[in-house]
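Trainee: I'm new to this one and would like to go through it step by step. Could we do it as questions and answers?

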Amino acid sequence: MLSDQSAQGGNAPLPDADALRSQVAEFLAAHDPGSTERLEFLRARFDAGLAWVHYPAGLGGQGLPRSLQVVVDREFAASGAPTNHPERNGIGLGMAAPTILAHGTPEQKERWLRPLWTGEEIWCQLFSEPGAGSDLAGLATRAVRDGDTWTANGQKVWTSSAHMAKRALLVARTDPDAPKHEGLTYFALDMKQPGVEVRPLRQITGEAEFNEVFLTDAQIPDADRIGSIGQGWTVSMSTLMNERVSIGGNAMPREGGMIASAARTWREHPELRTPGLHDRLLRLWADAEVARLAGARLRQQLAAGQPGPEGSAAKLVFARLNQEISEFEVELAGGDGLLYDDWTLRRPEGANFFGRNPGFRFLRAKGNSIEGGTSEILRNIIAERVLGLPKEARVDTGPWKDLPR
Amino acid sequence: MSEATVNDTAPGQAASGSASDGAGAAAHGPGASGRNRPARTANLLYSETETELRAAVRELLTDKAPWRDVLARTETGQTYDDGLWHTLAAEVGCAGLLIPESLGGAGASYREAAVVAEELGRAVAPVPFLGSAVIATTALCAAGDTEFLPELASGALTASLAIPFAAGTRFRSEATVRLDAPQRGDERGDYRLSGTITGLADALPAGLLIVPVDSVPYGLYAVRVSESGVGKRPLVSLDMTRQLCEVRLEGALARRVAAGQAAEQAVAAALLAGAGVLASEQLGLAEQCLDTTVAYVKERRQFARPVGGFQAIKHRLADLWVAVTQARAAARYAADWLAAGFGPETTMAVALAKAACSDTALKAAQEMIQLHGGIGFTWEHPAHLYLKRAKADSIGLGTADAHRASLDVLANLPAPE
């Protein structure tokens, strides 16, 4: 894997943080954040290469190291400039964009990345199906080609943002006669068409952060296919790797994340303290801080051009800690732990693992060890790809259409 | 997205380096200027120099400390390997890592010392690196010694701080040692010590004992073992690769190396540095247990397949690998903060590292035995050496529990009234 720096190629000296700061200052001088219309401002920022500096020139970036992005973000935040509301388009920014960048055609990158970054087009991800969870490659949604158009039929599930999304990353089966990993193709699907029906999927928290998506003769132009026919699995893997990085891989301050509210409650409510809870809190606090350091170390490795396999550990630890800390928090709350804020069906705009009340956090955390790869699948991945242990004996070989279902 | 700072202080926690500057700054040597600066970002990676040092130590240990030799030595009267220690101390230069160049040392830091400790942990090597080159050396550096450090740096002299291994990092002194009246012929500056201290690690091969005495003023004294009135008795220890002993002083001739607050700070710095570097030893041990076990389950066949192909085994090893990645971040954080000096964030870093690495090393050794099955339970397999070292290390210089308990103040998480 190339480091950000070597990926840049040319011999031109890298602009340092100061040079970037003056670029932002020049941009702000030309586009007053106070008086420029929001979308116009964001589009201009993209065109100036100040959207995501590690993206290539012409696609919102300048081919710089990813670590310099924070400099730009900080300058724009300090100026009070409008943001692209990244929290509303987590899948788009975190998963769709890197997938398009890696596997899209020049025309697709040109067409999709700008409205994605500005937030004009929200993206969602149509991967999981009722019959294909951990075994994603067994999925059954079919796409059949007729001339320059594909027709898709099937049911997808666990789709966050589908109710807001303009486009979806879709993996569908295009060759049922091929072995299951080889018969898949990857598309960008227009969600705003008659063949797409989105229904809320209510979860144990009471809210519906996710959706079920039913495809009934949904139409996809072949120009919206990402990667070659039959390459859908390879493209999906790059999307999922980005998903795992985006869950549990972010930089945090000390006492960021789930431990924050637990520690705050502990400090503010001496009457709730017991020796047993104290011991648990000290363990959880120490584990959370060490996990944070491990994340920091991982980012230092990446910045030094030494990517390691440690990323796959981050999500496992994140899920375990979120669950244990939120369990602790409900218990610490005592009588209040028996109450819940609201069971009515809400439609939140994004995932908020650390929001609402302890009961919500406790319930929402149960999803952390399932979404984005179950903890069991992650352990398999670590065992097989990092430790080199033998794979499970497979019984799902041969043409997909002949597999027992 | 915010910058990857890894040194933020917790809400409600003392953020300034001036508050309770624990062990104080060493008078000279590594981190002499070391006040913790809150804005500092720790480097959690290994430098090129550290990687080269690791390779040199590993090569030596592979050659001179194969586990069969280590195991055989535990049943001899000479449980420490003096020859290996001499090579490591004098030829590789590990004895003087933390000693300034002006006193004949390498002027390196705890980051390098921690890497050496990782390798020694991997080999459960029976050498007094931790006791002499880290703990006693830190005490002497902090005390401003110039008399003994050159001898330590050259590897000619091995020293040990006479504090029980099981003592935590908040330990002050052993009350069982007292100052005696001077004897006839004693010169100005000579002192006499009597008393017994037990459970000392790395003291068996030591030629110099650094003894804290809770007198008025509190003092730190150096006693040459060659003087009359100094006796050592080896103890049958859980971990015979780091055999404990009891020291008996009967009017032993001593020199005072520090008094009062300077002596207290020297002891505190030595124990903190010892715990921090021991965490790296535990990390190396854990990694070796993991590597050995992964290799074994790929080879070992039952039910006509390698046992490493069963999920019950794969998942345990995946969890262990995750624990090792976490422990490594904590150990590096502690080593890097130790290299920067002895402020509150260093105390926090060592507490986190010793807690995480104690648990991980013990878990790794236990998994090594279980996943080796019957062979792992035999004397003829090295697993028990690792288990015994891991258990002893988890108690030495503060248990995981004791280090976590220190977070009540460090992280402002007070105990119930």
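**Across the two chains**

Mentor: Let's start with one residue: R297(A) sits in helix α9 (residues 275–303) of chain A. Helices here are DSSP runs of H or I with at least four residues, strands are E runs of at least two, and both are numbered from the N terminus. It's a predicted model, so local features need pLDDT of at least 70 and side-chain atom pairs 80 or more, while totals for chains, interfaces and linings use all residues. Residues count from 1 along each chain as written, chains are lettered from A and ligands numbered from 1 in written order, and side-chain values use heavy atoms, without hydrogens and water.

Trainee: Is R297(A) buried or exposed?

Mentor: Buried means under 20% relative accessible area, exposed means over 50%, and partly exposed is in between, using a 1.4 Å probe and protein chains only. R297(A) has a relative accessible area of 7%, so R297(A) is buried.

Trainee: Which residues is R297(A) in contact with, leaving aside its neighbours within four places in sequence?

Mentor: Contact means heavy atoms within 4.5 Å. In chain A, R297(A) touches E310(A). From chain B the partners are L44(B), L45(B), Y46(B), R328(B), A329(B) and R332(B).

Trainee: What about P309(A): where is it found, and which residues is it in contact with beyond its neighbours within four places in sequence?

Mentor: P309(A) lies in the loop between α9 and α10 (311–332) of chain A. At 39% relative accessibility, P309(A) counts as partly exposed. Beyond those neighbours, the contacts of P309(A) are V386(A) and W321(B).

Trainee: How are α12(A) and α8(B) arranged relative to each other?

Mentor: Helix α12 (residues 375–386) of chain A packs on helix α8 (residues 311–340) of chain B with axes 8 Å apart, at about 85°. Axes are lines fitted to C-alpha atoms, for helices over the stretch in contact, and angles run from 0 to 180 degrees between N-to-C directions. Under 35 degrees counts as roughly parallel, over 145 as roughly antiparallel, 65 to 115 as roughly perpendicular and the rest as oblique. So α12(A) and α8(B) are roughly perpendicular.

Trainee: What area is buried between chain B and chain A?

Mentor: Here 54 residues of chain B are in contact with 53 of chain A. Buried area is the accessible area (1.4 Å probe) that two parts lose on being put together, summed over both. Carbon and sulfur atoms give 65% of it, and the total is about 4600 Å².

Trainee: Which residues of chain B lose the most area to chain A?

Mentor: Three stand out, together giving 15% of what that side buries. They are L45(B), W321(B) and L413(B).

Trainee: Within chain B, how do α7(B) and α9(B) lie?

Mentor: Helix α7 (residues 261–299) and helix α9 (residues 344–372) of chain B have axes 8 Å apart and an angle of about 25°. That makes α7(B) and α9(B) roughly parallel.
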